[in-house]
Amino acid sequence: MSAAKGSAVLDGKKVASEALRGEAISVLGVANNPVTGTDGRFTATGCGVWVQLPPLEPGQHALTIRGESDDFSVGVDYSLNVEAASE
């Protein structure tokens with residue numbers, strides 16, 4: 001994780017990121033989880049580069065995420081369609 005870096009761009013504007021370097025997180029498992037074998041709450045280690053998006057207005061939005069650490073890299077492009085909340 002010491003070499004991890006990443007970025008996110010929402011509608012052409014950079015979104016601030018935060019690096020979590022091996023912090024304990026509480027996770028609620030799901031039934032028949034093939035990874036943990038449990039459906040209860042458990043503690044895991046969460047690490048990575050994270051972003052929190054602001055509330056989005058109704059309409060089309062583009063989200064681009066890029067990340068890398070040593071010889072690993074990831075990149076995804078999302079096209080988001082946000083609908084107005086029904087009353």
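Q: What radius of gyration does the protein chain have, and what would a compact globule of 87 residues have?
A: In this predicted model, the protein chain has a radius of gyration of 16 Å, whereas a compact globule of 87 residues would have one near 12 Å.

Q: What box do the C-alpha atoms fill?
A: Taken along the principal axes, the box is roughly 40 × 40 × 20 Å.

Q: What share of the residues is buried?
A: Buried residues account for 15% of the 87 residues in the protein chain.

Q: Among contacts between residues at least 6 apart in sequence, what percentage joins residues at least 24 apart?
A: The figure for the protein chain is 48%.

Q: Changing topic to charges: how many positive and negative ones are there, and how far apart are their mean positions?
A: The protein chain has 6 positive and 11 negative charges, and their mean positions lie 8 Å apart.

Q: How many salt bridges does the count come to here?
A: The count comes to 2 salt bridges. One of them joins E68 and K5, with the closest N and O atoms 3.7 Å apart. E68 belongs to strand β5 (residues 59–69) and K5 to strand β1 (residues 5–10), so this pair links distant parts of the chain, 63 residues apart.

Q: Are those two partners buried or exposed?
A: E68 is partly exposed, with a relative accessible area of 41%. K5 has a relative accessible area of 51% and is exposed, because the cut-off for exposed is over 50%.

Q: Which side chains meet in a salt bridge at 3.0 Å, N to O?
A: Those of R66 and D77 do, at 3.0 Å from N to O. R66 is in strand β5 and D77 is in strand β6 (residues 72–82), so the bridge ties together parts that are 11 residues apart in sequence.

Q: How accessible are R66 and D77?
A: R66 counts as partly exposed at 38% relative accessibility. D77 counts as exposed, its relative accessibility being 55%.

Q: Which residues does R66 touch, not counting those up to four places away in sequence?
A: R66 touches K5, G6, S7, V74, G75, V76 and D77. K5 in this list is also the salt-bridge partner of E68, and D77 is the partner of R66 itself.

Q: How far is R66 from V15, in sequence and in space?
A: R66 and V15 are 51 residues apart in sequence, and their C-alpha atoms are 12 Å apart in space.

Q: Is S69 buried or exposed, and why?
A: S69 counts as buried, because its relative accessibility is 19% and buried means under 20%.

Q: Which residues does S69 touch?
A: Not counting residues up to four places away in sequence, S69 touches A3 and A4.

Key. Residues numbered from 1 in each chain as written. Predicted model: local features only at pLDDT ≥ 70, side-chain atom pairs only at ≥ 80, totals over all residues. Heavy atoms only, no water. Salt bridge = Lys/Arg side-chain N within 4 Å of Asp/Glu carboxyl O. Helix = DSSP H or I, 4+ residues; strand = E, 2+ residues; numbered from the N terminus. Buried < 20%, exposed > 50% of the residue type's maximum accessible area, 1.4 Å probe, protein only. Rg over C-alpha atoms; globule rule 2.2 N^0.38 Å. Contact = heavy atoms within 4.5 Å. Lys, Arg positive; Asp, Glu negative; His and termini not counted. Charge placed at Lys NZ, Arg CZ, Asp CG, Glu CD.
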